[in-house]
Amino acid sequence: VFVKVGQTLAQRPDIVGDEAAEVLKSLQSKTKPFPDEIAHRIILEDLNHTGPLAPNLCPEGFDCDGTPLFREISAETIASAS
């Protein structure tokens, strides 16, 4: 939520001032990529799912024999968004 507020305020220098708006713009363009496995874990944890994300896509520590959350999902991410 805080990131979204910062991204929105980056577009409003009339509210936060030019300097603050410039700094907040980094929330829109300077996010660092992270490993796909972390994204997979976050999805499973946020949805309180203990089984695999999809068939043949089960991060370590999850019940790989359980019911998959999705029928199919790409193991490699192609984009991200906040």
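Guide: Let us begin with His-49, which counts as buried because its relative accessibility is 19%. The term buried means under 20% relative accessible area, exposed means over 50%, and partly exposed lies in between, with a 1.4 Å probe and protein chains only. His-49 lies in the segment after helix H5 (36–46).

Visitor: On what kind of model do these values rest?

Guide: This is a predicted model, in which local features need pLDDT of at least 70 and side-chain atom pairs count only at pLDDT 80 or more, while totals for chains, interfaces and linings use all residues. Residues are numbered from 1 along each chain as its sequence is written, and side-chain values use heavy atoms, with hydrogens and water left out.

Visitor: Which residues does His-49 touch, not counting residues up to four places away in sequence?

Guide: His-49 touches Leu-44, Phe-62, Thr-67, Pro-68 and Leu-69. Contact here means heavy atoms within 4.5 Å.

Visitor: Why does Asn-48 count as exposed?

Guide: Asn-48 has 70% relative accessibility, so it counts as exposed. Asn-48 is also in the segment after H5, and it has a positive phi of about 50° although it is not a glycine. Asn-56, placed in the segment after H5 as well, counts as exposed because its relative accessibility is 85%. Its phi is near 65°, again a positive value in a residue other than glycine.

Visitor: What makes the link between Cys-58 and Cys-64 a disulfide?

Guide: The sulfur atoms of Cys-58 and Cys-64 are 2.3 Å apart, and a disulfide is a pair of cysteine sulfur atoms within 2.5 Å, so the pair qualifies. The structure holds one disulfide.

Visitor: Why is the disulfide of Cys-58 and Cys-64 called left-handed?

Guide: The torsion about the S-S bond is about -95°, so this disulfide is left-handed. As for accessibility, Cys-58 counts as partly exposed because its value is 25%, and Cys-64 counts as partly exposed because its value is 45%.

Visitor: Which residues make up the largest nonpolar core?

Guide: It has five residues in all: Leu-44, Leu-53, Ala-54, Leu-57 and Phe-62. A nonpolar core is a set of buried Ala, Val, Leu, Ile, Met, Phe, Trp, Tyr and Cys residues joined through side-chain atoms within 4.5 Å. One member, Leu-53, touches residues including His-40, Ile-43, Pro-68 and Ile-73, not counting residues up to four places away in sequence.

Visitor: How do you know that the buried residues of helix H1 are on the same side of H1?

Guide: The buried residues of helix H1 (residues 2–10) are Gly-6, Gln-7 and Ala-10. They cover an arc of only 100° around the axis, which puts them on the same side of H1. The arc is that of the directions from the helix axis to the C-beta atoms. Their cover includes helix H2 (13–16), helix H3 (18–24) and helix H4 (26–29).

Visitor: What makes the protein chain more spread out than a compact globule?

Guide: The protein chain has five helices and zero strands. Its radius of gyration is 18 Å, well over the 12 Å that the globule rule gives for 82 residues, so the chain is more spread out than a compact globule. That radius is taken over C-alpha atoms, and the globule rule is 2.2 Å times the number of residues to the power 0.38. Helices (H or I, at least four residues) and strands (E, at least two) are DSSP runs, numbered from the N terminus.
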